[in-house]
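This note sets out some points on the model shown below. Please read them alongside the sequence and the coordinates.

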Amino acid sequence: MNHAKFVISLDFEMFWGVEDTRSIAGYGRNVLGEWQAIPEMLARFRVHGVNATWATVGAIMCRDYREWRTRRRTSTQSAVTSGTCADAEDALVRQYPKLFFARPLVERILETDGQELATHTYSHFYCKHKDSTPEGFVDDLARAGSLAAEMGTGFRSIVFPRNQISPEFLAVLPAAGIRVYRGNAQHWLYRDGDAVPGGTAGRIMRFADAFVPLSGSCCRREHCNGALVNVPASAFLYAWSALAAPLIALRLHRIKQGMTEAARTGALFHLWWHPHNFGVNLGANLAMLEEVLLHYRKLADTLGMESQCMGDFAGMADAQPPSPQPSCLVRAGISDVLFRRGV
């Protein structure tokens with residue numbers, strides 16, 4: 001029997017995910033474009049029978065600035081998202097709420113068959129920041145879980161912001177009801193998440209790898225480690241750009257070749273991107289996505305490839321999770337009930 005799986009995960013973060021690297025003037029239009037891009041993507045997923053995981057920054061689910069302010073912790077150990085001064089962040093959020101809050105889009109995702117709401121932490125929490133601790137991470141997840149519970153849902157899956165994955169942060173996930181995470185490819189170009197070896201040269205190699213197989217095969221195998229399942233990433237879907245336009249066909253060939261190999265060998269192909277990548281040049285980006293989805297449909301019809309959300313892998317985890325770290329849970333003052341999947 002062919003058990004080939006096609007997984008799509010999207011890092012839904014709006015401006016929370018780029019506030020430390022981008023400006024409103026330079027990137028605000030991309031984020032604002034998510035309001036149009038996400039319904040368009042959902043429509044195409046529905047047409048082609050594609051399930052997808054939307055790893056969502058919890059703060060996006062706040063209704064407005066006032067609710068966000070109410071929920072924001074008063075301690076200095078906040079999300080540890082950047083060195084940005086809290087007052088500057090506050091001013092941005094107050095002035096540009098549509099770049100930070102999108103509860104209607106989250107509701108749209110929840111209303112669409114086959115779509116999974118996963119967590120991208122509450123505040124785009126960086127696990128490898130020098131001030132980050134498992135206790136702070138637990139608290140951050142709790143705030144995201146509380147908002148999800150109010151919306152009648154919960155989380156089985158997580159995508160770590162900037163793909164920053166550390167064992168001590170993985171260890172607290174089972175107590176939060178989370179069973180699945182998106183791991184990094186083990187090739188040296190990707191295994192450390194956003195920390196690219198070789199600086200500029202490494203980043204150029206990553207970009208080139210989207211066109212030619214510098215890192216080898218994109219096929220992956222999910223694997224279970226106790227109470228957690230790692231569903232590793234295969235490829236990033238780069239956005240359309242005029243500069244790279246002559247090479248788009250080569251990029252799509254690399255993705256489709258990986259999907260075909262996975263379908264023939266019963267492996268996993270896991271594609272990911274950010275909705276804000278589609279925020280400009282939407283027509284061209286949707287055309288690329290359509291090619292990928294049509295290829296999946298062909299593989300599903302001819303080779304039995306199946307579209308799955310990350311959460312669909314949760315059943316692989318052991319029935320009895322390891323005991324949580326009591327100190328983390330007690331000091332954070334939370335209960336794992338906040339994280340349990342809603343009915």
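**Notes on the predicted model**

1. The structure holds 17 salt bridges, a salt bridge being a side-chain nitrogen of Lys or Arg within 4 Å of a carboxyl oxygen of Asp or Glu. One of them joins E222 to K5, with the closest N and O atoms 3.4 Å apart. E222 lies in the loop between α8 (200–209) and β6 (223–225), and K5 in strand β1 (residues 5–12), so this pair ties together parts that are 217 residues apart in sequence. Helices (H or I, at least four residues) and strands (E, at least two) are DSSP runs, numbered from the N terminus. K5 counts as buried, at 13% relative accessibility; buried means under 20% relative accessible area, exposed over 50%, and partly exposed in between (1.4 Å probe, protein chains only).

2. On the basis of the values: this is a predicted model, in which local features need pLDDT of at least 70 and side-chain atom pairs count only at pLDDT 80 or more, whereas totals for chains, interfaces and linings use all residues. Residues are numbered from 1 along each chain as its sequence is written, and side-chain values use heavy atoms, with hydrogens and water left out.

3. Of the 343 residues of the protein, 55% count as buried. The secondary structure comes to eleven helices and ten strands. Among contacts with a separation of 6 or more, 80% are accounted for by residues 24 or more positions apart, where contact means heavy atoms within 4.5 Å.

4. Helix α3 (residues 65–71) contains both E67 and R71, which are four residues apart and thus separated by about one helical turn. Their side chains meet in a salt bridge of 2.9 Å, N to O. E67 counts as buried, at 13% relative accessibility, whereas R71 is partly exposed, with a relative accessible area of 22%.

5. A further salt bridge links R69 with D90, the closest N and O atoms being 2.9 Å apart. R69 lies in helix α3 and D90 in helix α4 (residues 86–95), so the pair ties together parts that are 21 residues apart in sequence. The two partners fall into separate accessibility classes: R69 is partly exposed at 39%, and D90 is buried with a relative accessible area of 8%. Salt bridges that share partners also join R63, E67, R71 and E150 into one network.

6. Which residues touch the most other members of the largest nonpolar core? They are M41 and F45, in a core of 82 residues. A nonpolar core is a set of buried Ala, Val, Leu, Ile, Met, Phe, Trp, Tyr and Cys residues joined through side-chain atoms within 4.5 Å. Helix α10 (residues 282–303) supplies the largest share of this core, nine residues. Leaving out residues up to four places away in sequence, M41 touches L10, W54, W273, P275, F278, L286 and L289. A second, separate core of twelve residues includes A55, M310, A314 and A317.

7. Two packed helices are described by the angle between their axes and the distance between the axes. For helix α2 (residues 34–48) and helix α5 (residues 103–111), the angle is about 0° and the axes are 11 Å apart. Axes are lines fitted to C-alpha atoms, for helices over the stretch in contact, and angles run from 0 to 180 degrees between N-to-C directions. That makes α2 roughly parallel to α5, since angles under 35 degrees count as roughly parallel, over 145 as roughly antiparallel, 65 to 115 as roughly perpendicular and the rest as oblique.

8. In this pairing, E34, W35, I38, P39 and L42 of α2 meet P104, L105, R108 and I109 of α5. By class, the contact has seven nonpolar, no polar and two charged residues. Here Ala, Val, Leu, Ile, Met, Phe, Trp, Tyr, Cys and Pro count as nonpolar, Asp, Glu, Lys and Arg as charged, and the others, Gly among them, as polar.

9. W35, in helix α2, is partly exposed, with a relative accessible area of 24%. Neighbours within four places in sequence aside, W35 is in contact with M14, K98, F101, A102, P104 and L105. W35 and K98 are 63 residues apart in sequence, and their C-alpha atoms are 8.9 Å apart in space.

10. L92 lies in helix α4 and counts as partly exposed at 25% relative accessibility. Residues up to four places away not being counted, L92 touches I24 and F100. The C-alpha atoms of L92 and E19, 73 residues apart along the chain, are separated by 9.3 Å.
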